[in-house]
Amino acid sequence: MDADDSRAPKGSLRKFLEHLSGAGKAIGVLTSGGDAQGMNAAVRAVVRMGIYVGAKVYFIYEGYQGMVDGGSNIAEADWESVSSILQVGGTIIGSARCQAFRTREGRLKAACNLLQRGITNLCVIGGDGSLTGANLFRKEWSGLLEELARNGQIDKEAVQKYAYLNVVGMVGSIDNDFCGTDMTIGTDSALHRIIEVVDAIMTTAQSHQRTFVLEVMGRHCGYLALVSALACGADWVFLPESPPEEGWEEQMCVKLSENRARKKRLNIIIVAEGAIDTQNKPITSEKIKELVVTQLGYDTRVTILGHVQRGGTPSAFDRILASRMGVEAVIALLEATPDTPACVVSLNGNHAVRLPLMECVQMTQDVQKAMDERRFQDAVRLRGRSFAGNLNTYKRLAIKLPDDQIPKTNCNVAVINVGAPAAGMNAAVRSAVRVGIADGHRMLAIYDGFDGFAKGQIKEIGWTDVGGWTGQGGSILGTKRVLPGKYLEEIATQMRTHSINALLIIGGFEAYLGLLELSAAREKHEEFCVPMVMVPATVSNNVPGSDFSIGADTALNTITDTCDRIKQSASGTKRRVFIIETMGGYCGYLANMGGLAAGADAAYIFEEPFDIRDLQSNVEHLTEKMKTTIQRGLVLRNESCSENYTTDFIYQLYSEEGKGVFDCRKNVLGHMQQGGAPSPFDRNFGTKISARAMEWITVKLKEARGRGKRRIRKTWDVA
């Protein structure tokens, strides 16, 4: 929320926080090292969570330099200090390299400046160097206090009162080069910048049949290069952790010429700025351009993205990640004891977790050591399962073996889209088709959902047919909400006619229900006794069993971007409240997460019942807010959150109750949430989850073949 709300927290949050109190405690928050989008969201979360639990929170401007210089560089923050910074890139409290803090004398000054304000809790947002410095500061703290007492700068009572320093870190780095966390703050936003450029370049490259070499950041880590290559279907990628094999020059040129022979009008090569060969010699973008021009004679251009990747508005993912990490960081500081080691708040799966800071720093340094010693397989392994999985998936999808080298399974696998369109569906289809072909299957595309399935709209689809699909929104195969129940006989006939041995369904809740109907009909129709798997793809993110669905991230970014523009509009007109209706059916994911990412005052969702008293309370809150410097309001409503409290009702209520204090506007976002180019997250997620689904199908088909059967048992093998 963007204004002070004195009401007690509800339900589980109150129970969770009742044993935590920040009374009498002071927290200092600083950003250090290179800036990253989302740092402001982390700062905002630390400030507001700290105030929420009763602690004082201080900005430390200009990183460690501000801590050493003291004075006005350390200032108390209030609730309004962090208003309207969620959507701002970089860091509002500044970041600077500090040589003085590297010396004990500098750290002594920093300790003295913190003690003047009673700060014994530090939240550091930065890279591994910044976090290592914070840990050293913590270890030296008692010695620094004793030295200050000897110098007469503090008394012995202060030494006892402020005896220990708690340190919690959050990693802000666009390179995603810190081990122990799935994603660092800023990485997703940097991928947005890269993919925006790639999508723009692809149109001009296609027009002129050009080859483009794109250099992205990542001096010591190839994550940005790898994931952007996966998200745009690049022809080749160069990473510091996984250098190309000897003779790569010839292999790359053969690959590029093969793609041109398949009537592909462009080539995209992505290079991490720290790319090296197996001898640790740099591979530069200019060297690659020279090679392509000399060997193939292709019109080749180099684009170096540089600091564009650090700039711009943070993505919805980064805002939510940073906000969750900031809250967890404050809780970690409040729960810390003198024996608690410095920790770093990390992302593991979909959960914010705490890990020992120096263990993660050591793992990060071990990756660089492995690369220096040319132990590249170890470097990839140390980066974590996600990095290794991305690399393996990219290799499978980018390079097609000659047909005579792929052992055929004589199995037909069909792919179908069901339900409403979701951005990223096409990336999932591309991934499934290419992994299936690589596994030796014959891939079939079913057009227009179960309706098309019943009518026999089924065609074979090949490797090149899905080229360039990753960046396209909607559903190229066509999709409908029709369920298979009334077409079971016709669908069984089509499965028999086309000898379909497995079925991959990509879609939302309708796909989930459709899969249940097909599996329930196995007793009656033997044709359905084949491996069937569903990949969740819906903006509503309402499919059971999955934290994420393909398309939800793109929709969330659309909502967040729209809210940013609306807030900007409201800041100009003053005293205006916007009611925004989001999609989601009976799932409040988009409204809830959209509210978190956009800094909304309230979000009404189906899962959390509300009544007229809650609405009245929110109106009172907004009335009070208009007396502050933040004279605007933002309220999100999930489209099916209440049968009676409709968007129109809430709009009219707010308009009437706020008369003379604020005026109201409403906005129904509608189908714009389903459209647009997929976000990097949705492209990457769709690609990986669909590849995993195809791997499961291949395993099940092998098991059936091992039993000498074309069909499977009637009670299982649905995923």
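Predicted model: local features only at pLDDT ≥ 70, side-chain atom pairs only at ≥ 80, totals over all residues.
Buried here means under 20% relative accessible area, exposed means over 50%, and partly exposed is in between, using a 1.4 Å probe and protein chains only. Residues are numbered from 1 along each chain as its sequence is written, and side-chain values use heavy atoms, with hydrogens and water left out.

**Helix H8 and its cover**

- Helices (H or I, at least four residues) and strands (E, at least two) are DSSP runs, numbered from the N terminus.
- The buried set in H8 includes Tyr223, Leu224 and Cys232.
- Elements covering H8's buried residues include H7, strand S6 (211-216), strand S7 (236-238), strand S8 (267-272), helix H14 (385-398) and helix H23 (680-706).

**Asp175**

- UniProt, in an unreviewed entry, lists Asp175 under "active site"; its positions are given in the numbering used here, feature names are shortened, and annotations may be inferred rather than shown by experiment.
- You'll find Asp175 in the loop between strand S5 (166-171) and helix H7 (187-208).
- Asp175 is buried, at a relative accessible area of 13%.
- Contact means heavy atoms within 4.5 Å; leaving aside neighbours within four places in sequence, Asp175 is in contact with Thr187, Met217, Gly218, Arg219, Cys221, Tyr223 and Leu224.

**Helix H7**

- With 22 residues, H7 reaches 32 Å from its first C-alpha to its last, close to the 32 Å expected at 1.5 Å a residue; the expected span is 1.5 Å times one less than the number of residues.
- Among the buried residues of H7 are Thr187, His192, Arg193 and Ala205.
- Gln209 follows H7 and has a positive phi, near 55°.

**The four-strand sheet**

- Two strands pair if DSSP finds at least two bridges between them.
- Four strands make an open sheet in the order S7-S8-S6-S9, with parallel pairing.
- At the edges sit S7 and strand S9 (300-304), each pairing on one side only.
- Neighbouring strands of this sheet are turned by 15° against each other on average, direction ignored.
- S7 and S8 pair in the parallel sense over three bridges, and Trp236 stands opposite Ile269 in S8.
- H7 packs on the sheet, touching S6, S8 and S9, and its direction makes about 165° with that of S6.
- Helix H9 (residues 248-261) lies across S6, S7 and S8, running at about 150° to S7.
- For those angles, axes are lines fitted to C-alpha atoms, for helices over the stretch in contact, and values run from 0 to 180 degrees between N-to-C directions.

**Cysteines**

- Taking a disulfide as a pair of cysteine sulfur atoms within 2.5 Å, the count is zero.
- Cys112 is buried at 11% relative accessibility, and its sulfur is 16 Å from the closest cysteine sulfur, in Cys98, so that is too far for a bond.
- Cys253 is buried too, at 8%; its sulfur is 19 Å from the closest cysteine sulfur, in Cys232, again too far for a bond.

**Annotated domains**

- UniProt's unreviewed entry lists residues 27-332 and 412-697 as "domain: Phosphofructokinase".
- Residues 27-332 are 45% helix and 15% strand, with end C-alpha atoms 12 Å apart.
- Residues 412-697 are 41% helix and 18% strand, with end C-alpha atoms 11 Å apart.
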